[in-house]
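Open the structure in your viewer and keep the selection panel at hand.

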Amino acid sequence: MLSLESITKTTQDWLLAKFSPTMALTIECIIVILLCITLFAVLGLVLVLLERKVAARIQIRLGPNRVGPGGIFQTAADTLKLIMKEGLTPDTADKFLFNLAPFVVMMVAMLLLAPIAFAKNFQIWDINIGVLYISSVSSLSVIGILMAGWASNNKYSLLGAMRSGAQIVSYELSAGFAVLTIVVLTGSLQISEIVAAQQNGWWLFKGHIPVVIAFVLYIIAVTAETNRAPFDLAEAESELTAGFHTEYSGMKFALFFLAEYINIFIVCAIGATLFLGGWMPLHIGSWEAFNHIMDYIPSSIWFMGKTFFLIFVIMWFRWTFPRLRVDQLLNLEWKYLLPISLFNLLLVTVIAILGWYF
Amino acid sequence: MYNQTDIIKDTTDLGPDGELVVNMGPQHPATHGVLHLVVTLNGETIKKIEPHLGYIHRSIEKMCESLTYRQFIYVTSRMDYLSSHINNTACALLVEKGMQIEVPERAKVVRTILNELTRIASHELWIGAMAMDLGAFTPFFYAFREREMITDIMEDTCGARLTMNYIVPGGLMYDIHPEFQTKVKAFIKQFKEKVTEYEDLVTGNIIFQSRTKGVGVLTAADAISYGCSGPVARASGVSCDIRKIAPYDAYDRVEFDEVIETAGDSFARYIVRVKEMNQSIRIIEQLIDNIPEGEFVGKTKNVLKLNKGEFYQRVETARGELGVYIVSEGGTTPHRIKFRSPGFSNLSVLDHIAKNSKIGDLMATMGTLDLVIPDIDR
Amino acid sequence: MSNELIKQYITAHLPDAVFDETGEWLNVVVNSDSLKGLMAVLYGEPNYLNYLFCLTCVDYKTHLTMVYHLSASTNRNINIVIKTNLDRNDPFIDTVCDIWRTAEFLEREVFEMFGVTFLHHPDLRNLILEDETAIAVDDKKELVNEQKGYWPLRKDFEDPINMIKL
Amino acid sequence: MFLKDYIVDVYNGVASLLKGMRKTGYYFTHSKEIITEQYPDNRATLKLADRFKGEVVMPHDENNEHTCTGCTACELACPNGTIKIITKFDITPEGKKKKAIDAFIYRLEMCTLCNLCVAACPSDAIIMAPNFEHSVFDRSKLTKILNKPGSKIKEGIE
């Protein structure tokens with residue numbers, strides 16, 4: 001059967017047969033890098049279009065419908081426009097940091113791709129501390145945003161960056177605790193093992209209510225971490241015009257924009273991996289026939305389906321809710337989400353020790 | 001206004017006590033036009049707000065001094081463009097008062113219905129824009145869907161969607177459209193169905209409530225001292241509905257309640273406007289089937305000349321009390337005309353109620369004051 | 001409270017006030033020096049005319065007239081109009097913005113449109129037009145000097161650039 | 001009790017949020033609610049209100065005749081000098097001199113579409129037409145002469 005797993009296997013076999021192991025590894029690295037960049041570009045185009053279409057449908061509009069059939073080339077045209085635009089640098093800006101910031105944000109998003117399992121045995125780097133790696137690297141994105149806000153030498157940017165700093169640092173906690181519940185249940189930090197542990201059912205279903213709570217907490221926390229509405233305080237356009245990227249234009253702005261969508265994809269992919277079984281098909285206990293049918297659907301489709309479902313939910317949030325105020329945002333984290341997630345983690349630990357999950 | 005070097009200096013330097021001075025506007029997504037606020041911040045907390053006006057100042061008062069009493073009505077549509085009908089009514093009423101023109105009953109009733117439709121349209125737009133200020137985009141489109149029905153009705157009858165100029169001294173410019181009544185009834189039906197959507201999406205929403213409750217509290221004493229009127233004052237418990245106090249047109253024969261809340265915060269201002277829309281629907285329902293037959297415009301002379309003297313006419317626009325004060329020397333043009341615009345007084349309260357709150361609160365406060373900048377600048 | 005009562009009250013307080021009842025509302029013409037005292041009295045008990053809903057100025061070519069529309073917030077049907085005449089060449093009057101906060105903005109508007117100076121006003125600057133400093137560096141400098149003032153709502157104001165005569 | 005209040009708080013908050021999401025979800029799944037007007041594509045079906053005030057036009061009948069007497073009532077009624085009428089004197093067959101319009105100049109760029117000129121016209125010579133696509137590349141194209149070349153006044157209109 002033609003699957004992503006077999007393609008990688010054949011490629012590697014062929015490379016090892018042709019070249020020396022070092023050379024083969026180098027070539028593999030280059031291929032992976034190229035694939036990553038392609039994935040980024042495609043994801044950016046698709047997600048922006050998806051967001052605009054979802055927003056339009058919710059707002060009883062049609063959305064982009066002029067460029068190509070149903071407007072599918074709209075984002076490609078937009079990208080072309082952004083590439084051709086001049087990338088302005090303000091006179092009083094810190095030029096080096098100002099130009100570096102979009103790339104820092106982008107690089108963080110790229111690093112996060114490494115441990116994600118896109119399909120069965122299709123993973124860039126199955127690092128044994130995968131979840132820890134994700135938590136630590138994702139918190140680096142705040143540096144890029146702070147850098148952009150500070151270097152712009154614009155008051156709106158500065159306020160936006162400071163808000164973003166406070167927000168990401170706070171919400172990192174509940175996101176971490178939500179991830180920890182799964183780590184506690186699985187007993188491993190490795191992504192492949194977490195997926196394998198969901199062989200007979202996804203954690204969301206077999207982990208009782210505490211995992212459902214953890215799932216909800218995770219969705220809220222990552223929405224905040226990726227600066228999405230209703231937590232988009234860093235770029236609250238009615239308050240700070242565009243927040244930390246007020247001064248950016250052209251392709252540098254596009255990189256911020258792209259990074260936002262890539263981050264959404266990544267957090268949703270991680271959410272899907274931890275709670276919804278990643279590429280694992282829907283298996284229900286001992287229904288052998290049903291499980292067998294589900295196995296026929298390729299694992300990559302399972303993964304993408306789950307991820308895009310979560311992305312849709314986050315978009316749904318954005319187009320429904322008003323924005324929170326900055327102090328309410330921090331109240332929500334420290335007074336509601338953090339106590340609940342601490343208590344929830346305790347509960348899950350008890351469940352894990354007593355083995356009450358299926 | 002600042003000159004260029006001032007603005008550059010402003011964005012890099014700090015205020016006298018190390019405070020951040022931010023220019024909000026004249027191009028800013030939340031100032032709804034060209035309002036320029038110089039906001040002094042301490043971190044996220046607002047220390048002082050100083051409005052700079054005049055970016056859309058057209059000196060309408062001066063302009064009206066050279067226009068005749070028929071002509072100057074159209075200019076007032078451009079003041080508070082969201083309640084242009086009500087502005088026109090105010091001017092027409094004043095000229096009628098000054099010349100003792102009899103207005104036919106039909107014209108009075110139609111004017112009342114159109115005024116209330118305008119009020120609903122204005123509040124609909126306000127709900128959308130207000131929700132957008134707070135970060136919720138979707139209610140904007142739902143509100144505009146209903147507003148679109150009103151503008152269609154206006155287009156049918158008045159020939160324009162925003163700046164109608166349908167009201168002339170003595171009555172109406174032409175008779176209502178034959179389908180006017182059926183369309184208004186269809187609108188009432190749809191409005192009653194869809195108004196619950198705002199409850200679901202906005203009013204009941206926990207985030208919206210926490211953003212507006214207890215934010216920008218205006219006490220009744222302050223509302224009086226700052227000369228506030230309209231929903232802003234009524235949300236603070238000050239009864240100031242001109243439609244009740246000095247009824248004009250057909251308001252003396254319809255039943256409606258003056259909506260009064262006592263909390264005085266942004267949420268109360270929101271609730272007042274939502275309830276006011278329902279009261280407007282109530283007024284329209286009472287009148288729509290009882291439009292009397294007859295003339296639509298009274299007998300007027302070709303050239304209108306106001307008697308020598310001073311005249312003042314108050315009406316209740318969607319934003320509050322609009323006063324038109326005319327000093328006439330007996331000629332065909334006014335000697336001095338003054339528009340007491342509701343937005344001007346309501347804006348002056350902004351510094352007082354938004355002080356010591358967060359930037360996010362400023363948006364909620366400013367949104368619920370319902371500022372229309374051409375109305376403030378005139 | 002009827003107009004008669006208000007008249008009695010004002011006469012008791014200010015014997016030289018002139019009344020005019022020909023219009024819709026009671027008009028009182030007072031001396032510009034005694035205006036502030038009268039306002040303070042009218043604001044307090046027992047009259048309680050505590051709602052200043054319109055403050056403006058009229059240029060009669062021979063003099064300027066300040067017009068204050070007062071009302072009672074509890075009963076908006078009681079309205080009186082207080083007027084005071086000012087010298088057109090050197091108009092000044094006491095501010096009322098310590099009684100009504102709304103007067104602060106309204107007086108600033110009158111200041112820039114008519115050139116009336118309000119004594120003891122906390123922040124008497126241009127609100128709508130450009131700042132004086134901005135005018136000074138502007139190319140309108142000559143215009144300002146020629147006319148000794150830049151008060152658009154006065155009757156003799158001419159601006160050849162922005163005013164088009166029909 | 002503190003804990004009970006806390007839980008009720010959280011529950012009510014989440015419930016109110018879900019209510020809003022239900023509403024937006026309804027619109028997401030019901031495409032018949034979409035109200036977008038595809039403007040340039042729907043020109044054929046687009047119906048404007050018959051009273052829509054788009055611009056001032058002067059109707060001419062099949063004999064190229066209009067009813068404007070050149071009385072300048074519209075010019076006087078216009079608040080902002082949009083209309084300018086240039087008159088000439090025609091010689092009628094009886095040899096009498098008769099006033100007629102040479103050019104009815106209408107400046108669309110200055111017009112506020114207030115309908116005062118139409119209301120003022122004693123002979124209903126001008127009307128408001130529901131045209132709204134006025135954009136041109138050159139501002140001078142907005143200054144129009146409303147009477148057609150060679151047109152003359154209808155018989156019997158004074």
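Two strands count as paired if DSSP finds at least two bridges between them. Strands here are DSSP runs of E at least two residues long, numbered from the N terminus. Bear in mind that this is a predicted model.

**Stop 1: one residue and its opposite.** Select B:Asn23. Which residue stands opposite B:Asn23 in β2(B)? Pick B:Val38 in β2(B): that residue stands opposite B:Asn23.

**Stop 2: the strand pair.** Now select residues 36–42 of chain B, which form β2. β1(B) and β2(B) pair in the antiparallel sense, over 5 bridges. Strands of a sheet pair through backbone hydrogen bonds, so display those bonds here.

**Stop 3: the whole chain.** Zoom out to chain B and color by secondary structure. Chain B holds 16 helices and 8 strands. Its radius of gyration is 21 Å, close to the 21 Å that the globule rule gives for 378 residues, so chain B is as compact as a globular protein of that length. Along the principal axes, its C-alpha atoms fill a box of roughly 65 × 50 × 35 Å.

**Stop 4: burial and contacts.** Of the 378 residues in chain B, 58% count as buried. Turn to contacts in chain B between residues at least 6 apart in sequence: 69% of them join residues at least 24 apart.

Conventions
Residues numbered from 1 in each chain as written. Chains lettered and ligands numbered in written order. Predicted model: local features only at pLDDT ≥ 70, side-chain atom pairs only at ≥ 80, totals over all residues. Helix = DSSP H or I, 4+ residues; strand = E, 2+ residues; numbered from the N terminus. Rg over C-alpha atoms; globule rule 2.2 N^0.38 Å. Buried ≥ 20, exposed ≤ 12 C-beta atoms within 10 Å, placed from the backbone. Contact = placed C-beta atoms within 7 Å.
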